[in-house]
Number of protein chains: 2
Amino acid sequence: MGLNRAGFEVRHADSAEDAEGAIRLGVPDLILLDWMLPGQSGIDFARRLRRDQHFREVPIIMLTARGEEEDRVRGLDIGADDYLTKPFSPRELVARIRAVLRRTTPTAGDELVAVDGLQLDPVSHRVSADDTTINLGPTEFRLLHFLMTHPERVFTRGQLLDNVWGTNVYVEERTVDVHVRRLRKGLSTTGHDRLVQTVRGTGYRFSSKA
Amino acid sequence: MGLNRAGFEVRHADSAEDAEGAIRLGVPDLILLDWMLPGQSGIDFARRLRRDQHFREVPIIMLTARGEEEDRVRGLDIGADDYLTKPFSPRELVARIRAVLRRTTPTAGDELVAVDGLQLDPVSHRVSADDTTINLGPTEFRLLHFLMTHPERVFTRGQLLDNVWGTNVYVEERTVDVHVRRLRKGLSTTGHDRLVQTVRGTGYRFSSKA
DNA sequence: TTACAGTGTCACACGGTCGTAACAATTCTC
DNA sequence: GAGAATTGTTACGACCGTGTGACACTGTAA
């Protein structure tokens, strides 16, 4: 198919069952999924992937025979990132893979963030304020990390769910409130809870301004 | 094409030149671009858009005839967000548009507006005047945002209801008066309430002139 | 197994916000 | 100037959004 030649490492499976095994050997960067799989439909396979927290984030490109419009629409609804209609050329396939990877793998930042005496270090996975260590749960940590790296900006609960919990996850929006509450509680001992601000009718914002 | 029926506002152009004019009337949320344009190829048009800072962020979906694989590959390289191969159904088109908008909307209509020391930032959802933060209710915020982005122009109460409250909402016109009052109250501490002006017999206007 | 931390969801309470009516003030018309 | 039309201002009830505590569930480690 020319994928190896293009510099990708490829694992191949002939059925959904084989694929299951293959991806558990190591989370792939991207899944190329034929809509017509023997034994099990590709849509079920994709749906299952989206429910599994380990693979929820893995982008999916589906391959469809021409005319299967129903499947394509449903595929996009499920959260497939792109599709290709057969027949297609290796060159086009490579281009699409690059495009999808470009938008789904934003460079992860390991840099230390500090605002107003509050300090978060992704490397040591530690939060401290005025030389006091602050204990946060995993979700609160990711939430704070995201907010601190995107300050002075409102986010809706939906956006926070996408960015902190991950896309293709079904969680109530109000759950965000509860985690904001837990985050604030953790930050309250040093008064840094004021940095996490409510924007009524919209969502939340991280800001050092009053 | 069914786009209007799906709730989108559509502007149409038959050539790249017409399109140029159309988008300068107002930055669109998304551009649907046919690859085969009379006079100028779609790819050149797209490339030019990507270089223009006003339109760089606007997502592009391109429409290609089947078999024009060369173009599709180049289109993706340029940064088209998606493409559709003819023939396609209205339903699929709508699904794709929704998918693209879902990915890209966080960066739409968020430019900072500033007039005469008064400053409104949609991104951080914050209003400030002379370095003082001003607290406004959600409706007052939207009202001010609309007025500031359409300055020097009278709006009837009905127009304000349509644009700020939304169409198909039954609210008394006099309600606008009350919210204008609340807005003015918020702006009065810094004297910016003078920017919100009454036009007797018609409605209200935002203007820096006396 | 038990203990426990982490998570998601719900129910309730509180406060903010909204729309409306009523009255006061202003401006226009005659 | 009188009366009418228009707008400003205030108060109030209803409702919506958010904060908060409690609880059930899951997975993990002891």
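Start with the side chains of Ser207(B) and Glu152(B): a polar contact of 2.9 Å joins them. A polar contact is a pair of N or O atoms within 3.5 Å; within protein, one must be able to donate a hydrogen and the other to accept it, and residues adjacent in sequence count only if both atoms are side-chain atoms.

This is a predicted model, in which local features need pLDDT of at least 70 and side-chain atom pairs pLDDT 80 or more, while totals for chains, interfaces and linings use all residues. Residues are numbered from 1 along each chain as its sequence is written, chains are lettered from A and ligands numbered from 1 in the order written, and side-chain values use heavy atoms, without hydrogens or water.

Stay on Ser207(B). It sits in the segment after strand 10 (203-206) of chain B. Helices (H or I, at least four residues) and strands (E, at least two) are DSSP runs, numbered from the N terminus. Ser207(B) counts as buried because its relative accessibility is 3%; the cut-off for buried is under 20%, with exposed over 50% and partly exposed in between (1.4 Å probe, protein chains only).

Now go to chain A. Strands pair if DSSP finds at least two bridges between them. Zoom in on strands 9 and 10 of chain A, which are joined by four bridges. Val199(A) has Gly203(A) as its bridge partner.

Finish at DNA strand C. There are 22 residues around it, and among those that come nearest are Thr139(A) and Arg182(B); near means a heavy atom within 4 Å. Sugar and phosphate make up 66% of the DNA strand C atoms that come within 4 Å of the protein. Select Trp165(B): a polar side-chain atom lies 3.0 Å from a phosphate oxygen. Then select Arg182(B), where an N or O atom of the side chain is 2.7 Å from a base oxygen.
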